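Here is a short report on one protein model. Please keep the sequence and the 3D view open while reading.

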Amino acid sequence: MRWIKLYTNETLRGSIRFQLTMEEQGIWFNLLCMAGESRSPGIIQASPGVGYPVEFIAAQLRIPKKLLENTLTKLAKQERLTIDGKGIRVINWSDYQSVSIKEKKYRQTEEKL
């Protein structure tokens, strides 16, 4: 099972609340999920180096193409993602990842040695 990390406080009270409409927030969260499912985590693409057409993503999300295009432009201006022919790359992807509690304990033990 793949997953992404979202901080509750930042999600409820952070800049995304006033910078994006509810529709745009929903699109952003869905794009994060798509980036998490990718063979290249953090990059939404059909295959390595090949981006999906906007029409395809809009159809997957069941939203109008224009709404997706406008949201992608806005997210790029906010430096949340970058877009090119190779795909949509989530900036700071590692911020949406986490290590398990067990792994954290292991890392802390290793650091003490």
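Where is the place of isoleucine 63? Isoleucine 63 sits in the loop between H4 and H5. This is a predicted model, where local features need pLDDT of at least 70, side-chain atom pairs count only at pLDDT 80 or more, and totals for chains, interfaces and linings use all residues. Residues are numbered from 1 along each chain as its sequence is written, and side-chain values use heavy atoms, with hydrogens and water left out.

## Overall layout

The protein has 6 helices and 3 strands. Both are DSSP runs numbered from the N terminus: helices are H or I with at least four residues, strands are E with at least two. From the N terminus on, the order is α-α-α-β-α-α-β-β-α. Of the 113 residues, 33% count as buried. Buried means under 20% relative accessible area, exposed means over 50%, and partly exposed lies in between (1.4 Å probe, protein chains only). Contact means heavy atoms within 4.5 Å. Among contacts with a separation of 6 or more, 58% join residues 24 or more positions apart.

## Helix H3

H3 has 16 residues. From its first C-alpha to its last it reaches 23 Å, close to the 22 Å expected at 1.5 Å a residue. The expected span is 1.5 Å times one less than the number of residues. The buried residues of H3 are Glu24, Gln25, Ile27, Trp28, Leu31, Leu32, Met34, Ala35 and Gly36. Their cover includes H2, S1, H4, helix H5 (65-77), strand S2 (81-84) and strand S3 (87-90).

Asparagine 30 also lies in helix H3. Asparagine 30 is partly exposed, at a relative accessible area of 38%. Its C-alpha is separated by 9.9 Å from that of glutamine 60, 30 residues apart along the chain.

Leaving aside neighbours within four places in sequence, isoleucine 63 is in contact with Ile27, Ala58 and Leu68. Isoleucine 63 and glutamate 23 are 40 residues apart in sequence, and their C-alpha atoms are 9.6 Å apart in space.

Arginine 62 is also in the loop between H4 and H5. Arginine 62 counts as exposed, at 78% relative accessibility. Most residues other than glycine have a negative phi. Arginine 62 is not a glycine, yet has a positive phi of about 60°. Glutamate 79 is not a glycine either, and has a positive phi of about 60°. Glutamate 79 is in the loop between H5 and S2. At 61% relative accessibility, glutamate 79 counts as exposed.

## Two pockets

Rolling a probe the size of a water molecule over the atoms shows where empty space is left. On a 1 Å grid over the protein atoms alone, using a 1.4 Å probe, a pocket is an open set of points with protein on both sides within 12 Å along at least five of seven lines; lining residues have an atom within 4 Å of a point. A volume is the space filled by probe spheres set on the points, which are joined across faces, edges and corners.

| Pocket | Volume | Lining residues |
|---|---|---|
| Largest | about 370 Å³ | 17 residues |

In the largest pocket, Glu10, Ile16, Trp28, Arg80 and Tyr96 lie nearest the centre. Helix H1 (8-13), helix H2 (15-19) and helix H3 (22-37) each supply at least two lining residues. The lining divides into 7 nonpolar, 5 polar and 5 charged residues. Here Ala, Val, Leu, Ile, Met, Phe, Trp, Tyr, Cys and Pro count as nonpolar, Asp, Glu, Lys and Arg as charged, and the others, Gly among them, as polar.

## The aromatic pair

How many aromatic pairs does a search of the whole structure find? The search finds 1. The ring centres of tyrosine 52 and phenylalanine 56 are 4.6 Å apart and the planes are at 20°, so the pair is stacked. Rings of Phe, Tyr and Trp (its six-membered ring) pair if their centres lie within 6.5 Å; planes under 30 degrees apart count as stacked, over 60 as edge-to-face and the rest as tilted. Tyrosine 52 is partly exposed, at 30% relative accessible area. Phenylalanine 56 is partly exposed, at 33% relative accessibility.
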